[in-house]
Amino acid sequence: MLDSIFDYFPSVNPQSRRSFQQIYNIYEEWNEKINVVSRKNFQNFYIHHVLHSLAIAKYVQFKKGTTVLDIGTGGGFPTIPLAILFPEVEFLAVDSIKKKITVVDAAVEHLDLKNVKTHWGRAESVQGEFDFIVSRAVAPLKDLLYWSKGKVHPISFNDIDNGLIALKGGDLKDEIRESKRKVNLIPVSEYFSEDFFETKFLTYIKL
C-alpha cells in the first residue's frame, strides 16, 4: 500500500520517501497506547489515512511559504502527510484533545518535521492568519467556516485563492446548503482509484 503513495506522487524526494516509509511504524506503536485511528483496519493505514490526506495535494500544490491551519487534526491528518510532501510549507495542527496532540508531537519529532507546530486547544483560541485552513472529517462546513472566521490571509499567491479545504464523505447536499457558501465539490475518486474513495469528497470554499 505504500507503493500507492509513490505511484500517485512519483516526484517525492528521497527524504520524504523515507518519512513515508517510517510513518506506519510510528503510528502502529502509538496506536497501541492511544487509539487515534481504527485498530480493526490498521492494515489500511496508508490508503485510509495517508493517501486520503494527500488528496489535498492533488487539488493544490502548495507553494513555498504557504501557511496552513489544520482544525481538528486528530492524530495528525492531513497535516503529517502534507508536511512530509511539502517541506517548505508551514503547518499548525490544532486539536482540543491533548492525547491526540501528544501523538502528533511524537510523529513530528520522530520524522524531524521542522515545518509543523501543534496547538492543544480549540480552533477559536488560535491567533494569526493562514493561507489555507484544512480539515478531515471533523465538523460540518458551517462550523468550520465559523471557526475559520478572521483566520484566513486576504492576499493569495497559490494557484487557487486562500480558503477552506475539507475532506469529507457521504451525502453532503444538506451540509453544503447549510453552509450558505459556494462550495467546490470534487470526488476523491477523480484522483485515486481505490474503492475506499468512491464515497469521499474534497470540498473547497474561497474565503
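This is a predicted model: local features need pLDDT of at least 70, side-chain atom pairs count only at pLDDT 80 or more; totals for chains, interfaces and linings use all residues.

I started with strand β7 (residues 200-206): 6 of its 7 residues are buried, so β7 is largely enclosed by the rest of the structure. Buried means under 20% relative accessible area, exposed over 50% and partly exposed in between, with a 1.4 Å probe and protein chains only. Helices (H or I, at least four residues) and strands (E, at least two) are DSSP runs, numbered from the N terminus.

Residues are numbered from 1 along each chain as its sequence is written, and side-chain values use heavy atoms, with hydrogens and water left out.

Next I looked up the partners of β7. Two strands pair if DSSP finds at least two bridges between them. Strand β5 (residues 163-169) pairs antiparallel with β7 over 7 bridges, and Lys 168 stands opposite Phe 201. Strand β6 (residues 184-187) also runs antiparallel to β7, joined by 4 bridges; there, Leu 185 faces Thr 203.

Then I traced the whole sheet. It is open, has 7 strands with mixed pairing, and runs in the order β3-β2-β1-β4-β5-β7-β6. β3 (116-120) and β6 are at the edges with a single partner strand each, so one side of each has no neighbour in the sheet. From one strand to the next, the twist averages 20 degrees. Angles run from 0 to 180 degrees between N-to-C directions, and axes are lines fitted to C-alpha atoms, for helices over the stretch in contact.

I checked one parallel pair too: β1 (residues 67-71) and β4 (residues 132-136) share 3 bridges, with Asp 70 partnered by Val 134.

What lies across β1, β4, β5 and β7? Helix α7 (residues 141-148) does, at about 155 degrees to β5.

Last, I went to helix α2 (residues 14-33). Its axis and that of α3 (residues 45-53) come within 12 Å and cross at roughly 115 degrees. The contact (heavy atoms within 4.5 Å) brings Phe 20, Gln 21, Ile 23, Tyr 24 and Tyr 27 of α2 to Phe 45, Tyr 46 and Val 50 of α3.

The axes of α2 and α6 (residues 98-111) come within 10 Å and cross at roughly 145 degrees. Among the α2 residues meeting α6 I noted Tyr 27 and Trp 30.
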